[in-house]
Amino acid sequence: MDDQRWMGHAVALAHRSPRSASAFAVGAVIVDDTGVTIAEGWSRDTDPLVHAEESALLRAAGDARLRSATLYSTLEPCSKRAHRPDATCTALILAARIPRVVIAWREPDVFVTCEGVALLIAAGVEVLEAPQFAAAARAVNAHLPGI
């Protein structure tokens with residue numbers, strides 16, 4: 001799997017996110033085990049509340065390739081959210097049975113304390129961090145306080 005290529009694509013998707021004072025701008029792409037894109041999404045691409053991972057997963061719903069796919073996200077998948085509290089990105093990833101997640105950086109405690117990485121690992125998901133993309137992922141969120 002070409003983690004560099006796909007995380008670079010996720011960062012590019014994050015730039016499409018409409019800016020919000022109360023939410024991160026995130027990009028996500030789901031890739032099958034042969035390197036083919038299954039789905040992609042970015043924050044607020046289909047509605048004002050949708051998260052990037054949620055958007056990509058909705059587009060990929062029912063695709064059998066999810067069980068051997070990798071999800072690339074520019075930010076740690078949420079484990080808490082004010083809107084749609086029963087549909088956190090972590091819960092959606094686990095429900096889709098995606099075995100591998102690559103992130104650019106962990107969610108800072110700007111809005112909530114996120115436990116996405118810990119929950120995914122505890123459930124047996126392989127989680128990798130791509131710290132070489134953290135600065136680019138943070139830069140997309142420079143509009144937020146504390147970033």
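Q: What is the order of elements along the protein chain, from the N terminus on?
A: The elements run α-β-β-α-β-α-β-α-β-α. Helices (H or I, at least four residues) and strands (E, at least two) are DSSP runs, numbered from the N terminus. The chain has five helices and five strands. This is a predicted model: local features need pLDDT of at least 70, side-chain atom pairs count only at pLDDT 80 or more, and totals for chains, interfaces and linings use all residues. Residues are numbered from 1 along each chain as its sequence is written, and side-chain values use heavy atoms, with hydrogens and water left out.

Q: What makes strand 2 and strand 5 edge strands?
A: Two strands pair if DSSP finds at least two bridges between them. The open sheet of five strands has the order 2-1-3-4-5, with mixed pairing. Strand 2 (37-42) and strand 5 (126-129) each pair on one side only.

Q: How do you know that strand 1 pairs with strand 2?
A: Five bridges join strand 1 (residues 27-31) to strand 2, and the definition asks for at least two. Therefore they count as paired. The two run antiparallel. Val 31 stands opposite Thr 37 in strand 2.

Q: Why is helix 2 called largely enclosed?
A: Buried means under 20% relative accessible area, exposed over 50%, partly exposed in between (1.4 Å probe, protein chains only). Six of the eight residues of helix 2 (residues 52-59) are buried, so the rest of the structure largely encloses this helix. Those six are Ala 52, Glu 53, Glu 54, Ser 55, Ala 56 and Leu 57. Their cover includes strand 1, strand 2, strand 3 and helix 3 (89-96).

Q: Why is Leu 49 called partly exposed?
A: Its relative accessible area is 36%. That value falls between the 20% and 50% cut-offs, so Leu 49 is partly exposed. Leu 49 lies in the loop between strand 2 and helix 2.

Q: Which residues does Leu 49 contact, leaving aside its neighbours within four places in sequence?
A: Contact means heavy atoms within 4.5 Å. On that basis Leu 49 is in contact with Glu 54, Arg 81, His 83 and Arg 84.

Q: How do you know that the radius of gyration agrees with a compact globule?
A: The radius is taken over C-alpha atoms, and the globule rule is 2.2 Å times the number of residues to the power 0.38. With 147 residues, a compact globule would have a radius near 15 Å; the protein chain has 13 Å, which agrees. Of the 147 residues, 48% count as buried.
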